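Subject: Structure for you to look at

Hello,

Here is the structure I promised to pass on. Please open it before you read the rest.

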Amino acid sequence: MIKAEQIHFSVGSKQILKPVNVELSGAGITVVLGPNGAGKSTLLKCLSGANRLSGGTVSIDGKTLQAYSRKALALRRAVLSQSTEIAFPFKVHEVVMMGRNPHSVRGETEADHQIVEEALRHVDASDLSDREFSTLSGGEKQRVQLARVLAQVWERKGALLMLDEPTSALDLRHQSQILGYVRRQVEQFGMTVLCILHDINLAASYADRIILMKDGEIVKHGDADAVLTSDHLSAVYDIPVSRHELAGQARFFID
Ligand SMILES: Nc1ncnc2c1ncn2[C@@H]1O[C@H](COP(=O)(O)OP(=O)(O)OP(=O)(O)O)[C@@H](O)[C@H]1O
């Protein structure tokens, strides 16, 4: 369980994240939605420990982030950030193996290699394994980075996954393939997922809960069906958004 109490984040005199409380526990996908600049990535970075908080505390299983060693934190939660670039000429399989580093006591094992192979298969990137990472397309890089994150918490019961726009560079098939796979991980291993998306329809398809943000604040946080209303979305995005039910699924359109 991850719990944030009154966390906030400022740069100079600008408060980018106003004091918020967030609690995520148990198996499920929480999607963070909101317009550009709403503070979604800042919230995720504060929860993951990438941002030094201006105030408040984040704890995982009752222990503050500061009380975890880097390795213990890496075994408990994995983070996919927006930037997928890597400065050095690594091969794809080497990038995914980085996700296994926190597990290595005496180097890579056969099991680690199998996990890397499996992770690449699940993101449809097996054929890229021996390619140099820097030569991949944007969507290929994003899938490989996701494989690295999946390898980090491979089949760990109750692991935390924090994903910042994991599908932003993906085509339609890969969007649904990858979010579908994340959904199955949640169901099989009880993972707790926090995922930033821009596509409201994707969010409606995969989210159990929604955090709706605007101007550095959480405007709504609750069950997806209750948060994803025409009124809430129109107010947050400053544009009329209508909700329709199609084949039993909520669908959103700009009027
Ligand atoms: N280190 C920083 N220094 C100055 N401003 C920052 C910094 N980090 C974030 N910001 C600003 O804070 C606001 C929130 O940024 P954040 O990246 O959290 O937004 P977001 O909701 O993830 O946006 P997007 O949908 O565009 O990715 C933005 O206006 C951004 O420019």
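This is a predicted model: local features need pLDDT of at least 70, side-chain atom pairs count only at pLDDT 80 or more; totals for chains, interfaces and linings use all residues.

Helix H4 covers 110-122 and helix H5 covers 138-152. H4 and H5 pack with their axes 9 Å apart. The angle between them is about 135 degrees. H4 and H5 are therefore oblique to each other. Their crossing is right-handed.

Which residues meet there? On the H4 side they are Ile115, Val116, Ala119, Leu120 and His122. On the H5 side they are Ala147, Leu150 and Ala151. The contact of H4 with H5 has 7 nonpolar residues, 1 polar and no charged.

The loop residues

Asp124 sits in the loop between H4 and H5. Asp124 is not a glycine, yet it has a positive phi of about 60 degrees. Is Asp124 buried or partly exposed? Asp124 has 17 C-beta neighbours inside 10 Å, so it counts as partly exposed.

Glu165 lies in another loop, between strand E7 (160-164) and helix H6 (172-189). Glu165 also has a positive phi, of about 50 degrees, although it is not a glycine. Glu165 counts as buried because it has 20 C-beta neighbours inside 10 Å. The cut-off for buried is 20 or more.

Best wishes

Conventions: Residues are numbered from 1 along each chain as its sequence is written. Helices (H or I, at least four residues) and strands (E, at least two) are DSSP runs, numbered from the N terminus. A residue is buried if 20 or more other C-beta atoms lie within 10 Å of its own, exposed if 12 or fewer, and partly exposed in between; C-beta atoms are placed from the backbone. Axes are lines fitted to C-alpha atoms, for helices over the stretch in contact, and angles run from 0 to 180 degrees between N-to-C directions. Angles under 35 degrees count as roughly parallel, over 145 as roughly antiparallel, 65 to 115 as roughly perpendicular and the rest as oblique. A crossing is left-handed if the near helix is turned anticlockwise from the far one by less than a right angle, and right-handed if clockwise. Two residues are in contact if their C-beta atoms, placed from the backbone, lie within 7 Å. Ala, Val, Leu, Ile, Met, Phe, Trp, Tyr, Cys and Pro count as nonpolar, Asp, Glu, Lys and Arg as charged, and the others, Gly among them, as polar.
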